[in-house]
Amino acid sequence: VRIAALRVSAGGAAAAPATAAPAPAYVGVARTLRQRTQVRQAIFRALVLLDSLFTLACVGLIWFSVTNGLRPLERMRAGLNARKGDQLSPIVQEGVPYELAPVVHAFNGLLARVSEGAQAQQEFLANVAHQLRTPLAGLQTQLEWLGHRHAEAETAHSIRLMLSSTERMIRQTNQLLALARAEPSHFEKTRLEPLALDALVAETVQHFVEQAARKSIDLGFELQPAPVLGDRFLLRDLVDNLIDNAIRYTPEHGTVTVRCMPGEAGGGALTGGTVLEVEDSGPGIAPALREAVFKRYVRLDDKVAGSGLGLAIVRDIAAAHGARIAIASATGGQAGQGALFSVRFPAA
């Protein structure tokens, strides 16, 4: 116990002799160490509480400030992640903070340079394919003329081989040209016009009658009025590649059926769109490979002549028209046999 003493004069006491010193008096004030410890602990707890509240307030303020400051960057990141690989349009600069303006400007410059390079590549591909079509057509004509003039077995065999190679070159050249025209990132929506898809299909099927007859394939079509909004040349390329692919992979004495009809939902109600179907009795396509066949230069059977570009062209043309393409098993064949390609166009 700590005691504080105070010395005072004794008032009211009996008078002492004048020569004697006054007797001192002491008043003691005491406080226990326990009370001092309690006060000190109370002050410490109050300071800790205040510091905790202040720290939480600072953390919340910093978190809010950083989150709010990074929100434009997060929106930009989400927008870039949502883009497709062929979408090279510039980033919108409206509403972008001053700090991010240089970054957006640099991104737009990069996208513009990439777009120019892709455009130059597509133009080069289209120009080369276009320039090759005329001499190849002339070469094919000359080979056919030689085949009629020379009946010797060896000469005729050589001419047939050259003619076959020329036909493959012509087909690949036409596919390269179609691929350049069908690139979705460079497709101009102004080229779309109202078309009768059933009439276009009826016109296109006639060019494959002779090819189907060489394999004794029953080529038929079931056409209903089906208006679409599209590009005539690209849609002809789409139908050409689907029918040609079906005939190539269908064995002899098989069947290929082309259908065109208004789109229907599962319950039979009209959706307002148009459906194009090409069904064959070929070997079919396994479900695990149905996405891969639309990639360029992918071929499932090396024994069948082709370049692996046909279905890639179909995919690009469908994407340019906002259509969805799907593969299923043939409806009338056995399990795992036959393929059914369906292209669903939106309402015109």
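Ground rules. The model is predicted, so local features need pLDDT of at least 70 and side-chain atom pairs count only at pLDDT 80 or more, while totals for chains, interfaces and linings use all residues. Residues are numbered from 1 along each chain as its sequence is written, and side-chain values use heavy atoms, with hydrogens and water left out.

Helices here are DSSP runs of H or I with at least four residues, strands are E runs with at least two, and both are numbered from the N terminus. UniProt, in an unreviewed entry, puts a "transmembrane region" at residues 44-66. Its positions are in the numbering used here, its feature names are shortened, and its annotations may be inferred rather than shown by experiment. In the model, that span is 100% helix and 0% strand. Its end C-alpha atoms lie 32 Å apart.

There is a nonpolar surface patch to look at too. V39, I43, L47, L49, L50 and L53 form it, with about 590 Å² of accessible area together. Patch residues have over 30% relative accessible area and no salt bridge; nonpolar side chains (Val, Leu, Ile, Met, Phe, Trp, Tyr) are joined within 5 Å, like charges within 9 Å. Areas are Shrake-Rupley with a 1.4 Å probe, and for residues only the protein chains shown count as cover. Take L47. It sits in helix 1, residues 33-82. Its relative accessible area is 47%, so L47 is partly exposed. The cut-offs: buried is under 20%, exposed is over 50%, partly exposed is in between, with a 1.4 Å probe and protein chains only.

Next, salt bridges. The rule is a side-chain nitrogen of Lys or Arg within 4 Å of a carboxyl oxygen of Asp or Glu. That gives 8 of them.

One is E210 with R214, at 3.8 Å from N to O. These two are 4 residues apart in helix 5, residues 209-214, so about one helical turn separates them. Both E210 and R214 are exposed.

Now R259. Its closest N and O atoms to E277 are 3.4 Å apart, which makes a salt bridge. That pair links distant parts of the chain: R259 is in strand 6 (residues 255-264) and E277 in strand 7, 18 residues apart. R259 has 16% relative accessible area, so it is buried. E277 is at 15%, so it is buried as well.

R259 also bridges E279, at 2.7 Å, N to O. This pair again joins strand 6 and strand 7, 20 residues apart. E279 and R259 are both buried. Through shared partners, salt bridges join E222, R259, E277 and E279 into one network.

What else does E277 touch? Leaving out residues up to four places away in sequence, E277 contacts T257, V258, R259, M261, L340, F341 and S342. Contact means heavy atoms within 4.5 Å. Strand 7 itself covers residues 270-280.

On to strand 5, residues 227-230. Its side chains alternate. Strand 5 pairs antiparallel with strand 3, residues 193-196, over 4 bridges. Pairing takes at least two DSSP bridges. A196 has P227 as its bridge partner.

Last stop, helix 7, residues 310-320. Of its 11 residues, 9 are buried. Among them are L311, I313, V314 and D316. G322 follows this helix, with a positive phi near 70°.
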